[in-house]
Amino acid sequence: MAYRIVCDAQGGPLDAEGLNWDLDKEELQEPGSSIDRMQMQHVDCQSSGCSDPGPDPDPELMEPIQPSVSVSPHGRFERLQEDPNYISHFTRNPGHKGQRRLPCFVLRYFLAGLGLFVLGVLVGWFTHTSSTKQPLVPPETSDLLEELLRGIKAEKIDALQKSFSSLSDESEESRARYLYRQWVGLGLTDVQLSNHTVLFSLPGSTPNTITDKSSHQCFLPSGVPCDQRGRNDLLKQQQLFAYAAYSAVGSVQGEVVDVQYGTVDDLRRAKDSLNLTNQIAVVKLGKAPLLYKLSLLSELGFGGVLVYIDPCDAPLSHHTWHQAFRVTLNPGGNPAAAGVGGNLTHLLVQPISAFLAKTLLSSSSTSQGDTCIPLAIPPNTEPKKITLTVGNQLSYKKIYNVVGYLRGRRNPDRYVLVGSHHDNSQGGGTSAITNQLIAALTEQTKQGWVPDRTTVFCSWGGSALGNIGSYEWGKDNSVVLQSSAVAYVSLNSPVRGTETLRATASPTLLQLTSDIQRRQLLSCIRGGNCPGPNVSSLQLPGDVSFFANELAVPTMEFAFEQTKVEETTSFLSEAQFYAESPGSLDPLFKFHETVAKMTAEAILRLVSDPVLPFYPLDVALDVQNKLKDKSMVSPLLLSSASSFRDHAAFFQSETMRPANDPKEREPAHVRMLNDVLRDLEKSFVIPQTPPGVYRNLLYSLPGKSPQFSILTFSQEAVLHCSVTSRAVKYNSANQEVVCHSSMNQSLSVLLRAIRSAERLLCFGLDLFENYPNDTK
């Protein structure tokens, strides 16, 4: 029997309780029925005294009948077993001259025949035994995983990192060429070194400054007085590192305005007390993307923005009190290609240290004990008037990408991308981990293992200034990647702390990511004091952005962090501090080893599993989980989400699970199945979102309760209209229409995305139901 779920062919709303189930009886051909008919005809012929029995049957036809394989309509693979009671009735014609001879001759022939038979059996046995030992049998997946992980060691990563650190003073081209030579030597094929000429935003010849007009005191972004700028090389290096890439340049004078995290409520409070035009906002990182906050501040008429990290958000061991940092205002790719010039905002933006923020806000002291007082301007305090000077410079430079391939056998045109970067300023040991992964995987290929799919190792250039290298390479190869890329495994910053092991994955890969993290934590670094699985679909900055948003490729990343509160600090990683050496963070490189092993297991599963380890039901459950707030969604949307879940569950159980049986797998069917799984996330990519927000709706913003990002910002848009109505010149009637239609538009976009994903699953179910039973 087979159950068939009926999909709505028109793509309209499906009632959550109105799913139609039809019960079909499948008439499976009885095993050996055609053989029985052949036997019956031969027996009838013998009983009727046929005059000519014909030539003796070919001995090859007398071999045991191999069981056939049939594919059922829903993709279930069922082996038709041969009849164990089958006995061949084919016999030779007894009419032979030798039978008229004397019994002694009969006995002699019998013994000779018996001897030849025994000799033939012995020859056949040894021949078969020797022939079966010749092929190299691929190792089992579990054994292969153990061997792969055994080859990944902290000592090897340490040695690779020391080798790469010797190039720290070299140019990006030198580091890229070094990786190119290493990858060729490790055995990757078609290793490519490409370059792009792009527009860079770099610090000027003199540091950016903040001057207090009342005291005439000048500060560097770290809070150090300007007259101490050249005391030591390290301080000078950190001063040059602290800037906002692609900020506007020049000087602006204005009052300091404390806008906290830059939320709509924060901006409303600020607007109620001050005139914000050409003022200088002091805003904290966290809770929302920086680019989104800057867009709001720009609409309100601010002239400059100072960005800092509140010590209450930073981990205790992270020394941010006197450190400024770098941010980039580039959402991705080469800014020159956008046709807007190098300055991506009219705001003057400058990151500053928490110490300088405290001084400018006249804030009370903070402590890092049990009670931490966030930085804020005290009530009834006269705001300081300052001058912000930004002198960034634009110049064209070359960036380099290194890409190498570990070819697959059965599906060489399906790519699992593994991405890292070789930016010297970001550190993190990414190149050392990548090289160790390549060495471990190519060593297994030398032992006879050949992956099913192709692994594409990528080391990007220009990542720190807006993921430029990955965007440019992705756009150049987008036509191929749209249909060939099945997953992206990120090594953007694998060890940026030692407190929390966090895994980030799109909902499609949540189950795989959680399983890997749970297994690796069994051999935890801390000997029993292990953190529990921490897996989420929060959007993070990095080269993963292009592949998640432009191509809707399922992504995953493992990383150690020093993060205190997930809900408020997820966007602290937008701040790029002067890179610490990997050895100072992880002297024994055990954290690097753990990330490398988890990444290796993910790569192995993605390139070897016949059915991609993607789970549509997890996507459907994630969609429903983000719609828990029923007050802001329509019954139609909830009904569509419920229907999508039902189809995802049916697809996963009736199509995916049987296809994983190694005895019943049919390559063409599995390839079609994987293509459906690959394309599921594409339904959730929308054309436009607020700045800094992922276009892929499956990725969440930080928050205590998960919600679709477009719904979050649609709520803020309505509130924001009331804040900006007097600051921005709009026609009042049209402004009201735009504000109140924002939520309806977001709900409509979300409904289309869910229905599109459901139609894809229905297409897959229909395709496999009509898949031919005859696989010959």
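I looked up Asp212 first: its bridge partner in strand E14 is Ile386. Strand E6 (residues 209–212) and E14 (residues 385–390) run antiparallel and are joined by four bridges. I count strands as paired if DSSP finds at least two bridges between them. Strands (E, at least two residues) and helices (H or I, at least four) are DSSP runs, numbered from the N terminus.

The model is predicted: local features need pLDDT of at least 70, side-chain atom pairs count only at pLDDT 80 or more, and totals for chains, interfaces and linings use all residues. Residues are numbered from 1 along each chain as its sequence is written, and side-chain values use heavy atoms, with hydrogens and water left out.

**The sheet**

I then turned to the other partner of E6. E6 pairs with strand E7 (residues 217–219) in the antiparallel sense, over three bridges. Thr211 has Cys218 as its bridge partner in E7. Four residues lie between the strands of this hairpin, and His216 takes a positive phi near 60 degrees.

At the E13 end, I found strand E11 (residues 304–308) paired with E13 in the parallel sense over four bridges. Gly304 stands opposite Leu348 in E13.

**Two helices**

I checked how helix H4 (residues 154–165) meets helix H10 (residues 430–446). Their axes come within 8 Å and cross at roughly 125 degrees. That makes H4 oblique to H10; angles under 35 degrees count as roughly parallel, over 145 as roughly antiparallel, 65 to 115 as roughly perpendicular and the rest as oblique. Axes are lines fitted to C-alpha atoms, for helices over the stretch in contact, and angles run from 0 to 180 degrees between N-to-C directions.

H4 brings Lys156, Ile157, Leu160, Gln161 and Phe164 to the contact, and H10 brings Ser431, Ala432, Ile433, Asn435 and Gln436. Contact means heavy atoms within 4.5 Å.

**A salt bridge**

I noted 23 salt bridges in a search of the whole structure. Each is a side-chain nitrogen of Lys or Arg within 4 Å of a carboxyl oxygen of Asp or Glu. I picked out Glu601 and Arg519, whose side chains meet at 2.4 Å, N to O. This pair links distant parts of the chain, 82 residues apart: Glu601 sits in helix H17 (residues 590–608) and Arg519 in helix H13 (residues 510–520).
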